[in-house]
Amino acid sequence: MKKNYLFTFLLCFFLLEFGNAQTKKFTLSGTITEANSDETLIGVNILIPQLKTGTITNEYGFYSISLEEGTYEFVFSSLGFDEVKKTVDLDQNIRLDVVLNETTESLNEIVLKQDVERLNIRNPQMSVNALSISTIKKMPVVLGETDVIKSMLLLPGVTSAGEGASGFNVRGGAADQNLILLDEATLYNSSHLFGFFSVFNPDAIKDLKLYKGGIPARYGGRISSVLDIYQKDGNRNEYKATGGIGLVASRLLVEGPIVKEKGSFLFGGRSSYAHLFLPLFDNDNVAYFYDLNTKLSYKLNDNNNLYLSGYFGRDVFEISDSFSNTFGNTTLNLRWNHLFSDNLFSNLSAIYSDYYYGLALNFVGFDFDSGIRNFNLKYDFKHYISNKLQLNYGLNSIYYKFNPGEINPTTETSGINPQKLDDKYAFENAGYIDAEIQITDKLAVQAGLRFSTFNRLGQTGFLSYENDTPILFNENLNIYEKATPLDTLTISRGKSIASFSNLEPRFSMAYKLNERSSIKASYNRTSQYIHLISNTTSPTPFDVYAPSGKYIDPQLADQVAAGYFRNFDNYSLEIEGFYKKVKNRLDYVDDANLIANNAIEQVLLSGEARAYGLEVLFRKNTGKLQGWIAYTLSKSEQRTPGRTTQEIGINNGEWYNSAWDKTHDISVTASYELNPKWNFGANFIFQTGQPFTFPNGQYVYNGIVVPTFEARNSSRLQTFHHLDLSATLTPSKNKDRKWQGEWVFSIYNVYNRMNAASVSFRENTDTGRNEAVKLSIFGIIPAVTYNFKF
């Protein structure tokens, strides 16, 4: 009944506002750009002080606000830029494009700060973290390479499976449950060199946001988080270059106009080269990465813009002449921005994404290739109906092709027969609508609904089983066994093997307590139709994606969150609590073979997961000393009970810690500007040790020592912590010079803490006793990088 009341209220409010929008109101709209490059600016505040209200620019720098006829002062303000004030007689619809200049004042000089804070307090969106690239570049990192993913690990609710692990975990979720978007294109692997570096070139990035909860309805397909990253468009006024030279990698980005003030290009490249020095130490192994970023943009007229952006990245890992591994992402996106009217903005995107994994085993004479590919067509609209009501709606269709693997012999003497695992195909569709509503001066709501469908399409080699049960339980041996297929079918790709549909409601609200504080709450349901099949704690290049289908159900997650938000003079405080429950979380049975398995459903069981916790983020936002303290207290567990009372399930059907569960996670980040020449940075991280399963005994069977193990993930590795420092020197001669450079000196893990990445067990050949051996990846690592631009 309460839901009906809420729906009726929102509907009446919508009709009332839509009716008011037809009365004598006029719209001020336009695009906000940066002066030097003509780059559109995201998240610029447009404030009307006399009304104590305002709006912000969207992902393409566009804004629109409708007000009653009158004379208003508009203030355009963004961190790092001089504000602009405009007085407008709003007696008709007016197009006003605004250009902002980079600020030359200190951050303490930014005025109307209270009005900006008021907008943030009233915004119903919560559980969102945004980091500027300038902030990320000031953070000390391993080997001196600026890293977007490593920087996000300093935020509350975000962690990883350990040092050197690829991917990241958000609020107790698995790494494959994060939707990672680069210019709206999906990336399936976010790391280089098995997790040491991220795939994102910091010089090419304009904006990034991480949604941990309260996820807007325009996003779907993953159940934990959304990392939304936009590349720069390119300088439309003049030619510029930016780059850096480090100990293990270098980068260069070039941008400039194709047609001045109308079209621009951006090309960026990055590569590591430490492997070139290995032959000096009689080491013929190879490990390197490279990636390319590109973007072309063209302004057809005031109402139409075209963008073509792409990314290509590869990692290469070779051990002598016996082993070679190549993997990476490829994306391409063609976008058309169209303005139908002063208050209706649209974006049409055609997107291609591909993840490739290749393995050459020369010592046994065969190659192995696998991957996932999708084609995505999406059409999004943003409708500024009134100052109190904005609508987002759109459609999205994705076609998937899954390549589980293909084996080809490379020599006639290898004895390996060619084998192609059966390709899988799927089609995912979604439609959504999302309303941003300012109900009263104190209460703001964002309510949305997403409807998604997923069709597993026909394929060759589809296996059928008795009672549709691909995995059986042997009660005599108390183990799970593979079921014998009844038949192998060829099903036309035009037919559907299985189909799913889900309604995904999204809701968040903010209630303003006063001008500086508010309480917020959110709920979202999300669904995920593709699954990462892995038995490692973090993604590896060899992991395989599988679609939902007849034997695998989609994952469904429900998350609720509530928090308190307060702004002080120079500080801000965010406190959030969350609870998340996941259905149909896959787990593998003991001794499962996940590699090159053409019947992966025979080793998988469906379970559930849950995560809950408290996050605290305390920031100092202005002054010479800036930074934050982040603390997360959380629990992440999963359970896979038996399907019947006779089955044992996994871990006897009991809850156990997920591999990335960390009870306590504390991060301290600081940046201090001593003077225009010197800037210092520091990070300190302290985390509970990673869950682990240790042996608790052994027995001898036919002369072979067989270990026994405790309950899954019931122990932990040692506590994880390290301190990192950096110093940035910007020579004073940079001023008024075209060539500008800076030196970044950093020390990762200052006190040489040897954190455990894993523990293995072996028999000591001298004593004959069993022993545990700790593997540590990083000790103390000093680094120096030279950054430049001209």
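**Figure 1. Asp441 and Lys512 joined by a salt bridge.** In this predicted model, the side chains of Asp441 and Lys512 form a salt bridge with an N to O distance of 2.9 Å. Asp441 belongs to the loop between β28 (424–438) and β29 (443–457), whereas Lys512 is part of strand β34 (residues 496–514), so the pair ties together parts that are 71 residues apart in sequence. Asp441 is partly exposed, its relative accessible area being 45%. Lys512, by contrast, counts as buried, at 3% relative accessibility.

**Figure 2. Asp661 and Arg716 joined by a salt bridge.** The closest N and O atoms of Asp661 and Arg716 are 2.5 Å apart in this salt bridge. Because Asp661 lies in the loop between β42 (656–657) and β43 (664–673) and Arg716 in strand β48 (residues 715–716), the pair ties together parts that are 55 residues apart in sequence. With a relative accessible area of 1%, Asp661 is buried. Arg716 is partly exposed, at 25% relative accessibility.

Figure 3. Across the whole structure, a search finds 34 salt bridges.

**Figure 4. Glu59 and Arg218 linking two loops.** A salt bridge of 3.4 Å, N to O, brings together the side chains of Glu59 and Arg218. The two residues link distant parts of the chain, 159 residues apart: Glu59 is in the loop between β3 (53–56) and β4 (62–68), and Arg218 is in the loop between β16 (205–211) and β17. Glu59 is partly exposed, with a relative accessible area of 23%. Arg218 is likewise partly exposed, with a relative accessible area of 23%.

**Figure 5. An open sheet of five strands.** The strands follow the order β9-β16-β17-β12-β13, and their pairing is mixed. The edges are formed by β9 (128–130) and β13 (185–186), each of which has a single partner strand, so one side of each is left without a neighbour in the sheet. Within this sheet, strand β12 (residues 178–182) and strand β17 (residues 225–231) run parallel and are joined by five bridges. Leu179 stands opposite Val226 in β17.

**Figure 6. The largest cavity and its lining.** The largest cavity holds about 300 Å³ of space, and the whole structure contains 14 cavities of 30 Å³ or more. Its lining consists of 23 residues, of which Lys150, Leu153, Ile685, His722 and Tyr748 lie nearest the centre of the cavity. At least two lining residues come from each of α4 (148–152), β44 (678–687) and β49 (720–729). By class, the lining comprises 11 nonpolar, eight polar and four charged residues.

**Figure 7. Positive phi angles at Asn584 and Asn752.** Although Asn584 is not a glycine, its phi is positive, at about 65 degrees. This residue is found in strand β39 (residues 571–588). Asn752, also not a glycine, has a positive phi of about 55 degrees. Asn752 is placed in the loop between β50 (740–748) and β51 (758–763). The relative accessible area of Asn752 is 37%, and the residue is therefore partly exposed.

Conventions:
Residues are numbered from 1 along each chain as its sequence is written. This is a predicted model: local features need pLDDT of at least 70, side-chain atom pairs count only at pLDDT 80 or more; totals for chains, interfaces and linings use all residues. Side-chain values use heavy atoms; hydrogens and water are left out. Helices (H or I, at least four residues) and strands (E, at least two) are DSSP runs, numbered from the N terminus. Buried means under 20% relative accessible area, exposed over 50%, partly exposed in between (1.4 Å probe, protein chains only). Two strands pair if DSSP finds at least two bridges between them. On a 1 Å grid over the protein atoms alone, a cavity is a set of points where a 1.4 Å probe fits but cannot get out, and a pocket is an open set with protein on both sides within 12 Å along at least five of seven lines; lining residues have an atom within 4 Å of a point. Grid points are joined across faces, edges and corners, and a volume is the space filled by probe spheres set on the points. Ala, Val, Leu, Ile, Met, Phe, Trp, Tyr, Cys and Pro count as nonpolar, Asp, Glu, Lys and Arg as charged, and the others, Gly among them, as polar. A salt bridge is a side-chain nitrogen of Lys or Arg within 4 Å of a carboxyl oxygen of Asp or Glu.
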